[in-house]
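Please look over the sequence and the three-dimensional model shown here before reading on. The paragraphs that follow go through it piece by piece.

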Amino acid sequence: APASAAVLKRQIKSLKGDSKGLHEYLATVPGESVGRLFVGGIEEEELMPMVRALDDHGVPADPSHVFETLRGVSKVPRVGITVRMLDRKDGARLEKLLLRLHPAKAAGVGYSAEEWDGVRKALSG
């Protein structure tokens, strides 16, 4: 896991144009640590590159890790405000990612529909 939020934010910024590279980096970050690392909140310019990388590359590779990452994001202080400030296109992209992770659609995952629903509600703004 990254040593600090600054390290994680720097990596997201440096890889934001490389969705595959960002996914490969995020795959090394334990999902539960994401909420702790972003204790000061998460900005749109950090959230959306993560969403794009996880949607494009994470769901096919490891939907359980994507869910754990989003569960971590859902615990970030004031994340609902950030989500509400997303434009329509970005909000739809986040919703599409969440829908792809529903246990009925993501085969073999170890989380329940109730857990999924809690994360979706937290990330629906």
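**A walk through the helices**

P30 is partly exposed, with a relative accessible area of 30%, where partly exposed covers the range between buried (under 20% relative accessible area) and exposed (over 50%), computed with a 1.4 Å probe on protein chains only. This residue sits in the loop between α2 and α3, the helices being DSSP runs of H or I with at least four residues, numbered from the N terminus. P30 and G91 are 61 residues apart in sequence, and their C-alpha atoms lie 24 Å apart in space.

The model is a predicted one, in which local features need pLDDT of at least 70 and side-chain atom pairs count only at pLDDT 80 or more, whereas totals for chains, interfaces and linings use all residues. Residues are numbered from 1 along each chain as its sequence is written, and side-chain values use heavy atoms, with hydrogens and water left out.

A pair of packed helices is described by the angle between their axes and the distance between the axes. For α1 and α2, the axes come within 9 Å and cross at roughly 160°; such axes are lines fitted to C-alpha atoms, for helices over the stretch in contact, and the angles run from 0 to 180 degrees between N-to-C directions. The two helices α1 and α2 are therefore roughly antiparallel to each other, a label given to angles over 145 degrees. On the α1 side the contact is made by V7, L8, Q11, I12 and L15, and on the α2 side by S19, G21, L22, Y25 and L26, contact meaning heavy atoms within 4.5 Å. By class, this contact of α1 with α2 has 7 nonpolar, 3 polar and no charged residues, with Ala, Val, Leu, Ile, Met, Phe, Trp, Tyr, Cys and Pro counted as nonpolar, Asp, Glu, Lys and Arg as charged, and the others, Gly among them, as polar.

Helix α4 comprises residues 44–61, 18 residues in total, and reaches 24 Å from its first C-alpha to its last, close to the 26 Å expected at 1.5 Å a residue, the expected span being 1.5 Å times one less than the number of residues. At L54, α4 bends by about 45°, the bend being the angle between axes fitted to the seven residues ending there and the seven starting there. Buried in this helix are E46, L47, M48, P49, M50, V51, A53, L54, D55, G58 and V59. The buried residues of α4 pack against α1 (5–15), α2 (19–26), α3 (31–37), α5 (63–74), α6 (79–84) and α7.

What is the arrangement of α4 and α5? Their axes come within 8 Å and cross at roughly 155°, and that makes α4 roughly antiparallel to α5. In this pairing L47, M50, L54, G58, V59 and A61 of α4 meet P63, V66, T69, L70 and V73 of α5, and by class the contact has 9 nonpolar, 2 polar and no charged residues.

Two residues of α4 can be followed individually. V59, found in helix α4, counts as buried at 11% relative accessibility. Leaving aside residues up to four places away in sequence, V59 touches L54, V66, L97, R100 and L101. The C-alpha atoms of V59 and R84, 25 residues apart along the chain, are separated by 24 Å. M48, which also lies in helix α4, counts as buried at 0% relative accessibility, and, with residues up to four places away in sequence not counted, M48 touches L86, D90 and R93.

The contact between M48 and D90 leads on to α7. D90 has its place in helix α7 (residues 88–100) and counts as buried at 10% relative accessibility. The C-alpha atoms of M48 and D90 are separated by 7.1 Å, although the two residues are 42 residues apart along the chain. Beyond residues up to four places away in sequence, D90 touches E44, M48 and R52.

D87 is found in the loop between α6 and α7 and, at 46% relative accessibility, counts as partly exposed; D87 and E44 are 43 residues apart in sequence and 9.8 Å apart in space, C-alpha to C-alpha. R78 lies in the loop between α5 and α6 and is exposed, with a relative accessible area of 53%. The phi angle of R78 is near 60°, a positive value in a residue other than glycine.

Note on methods:
Parallel < 35°, antiparallel > 145°, perpendicular 65-115°, else oblique.
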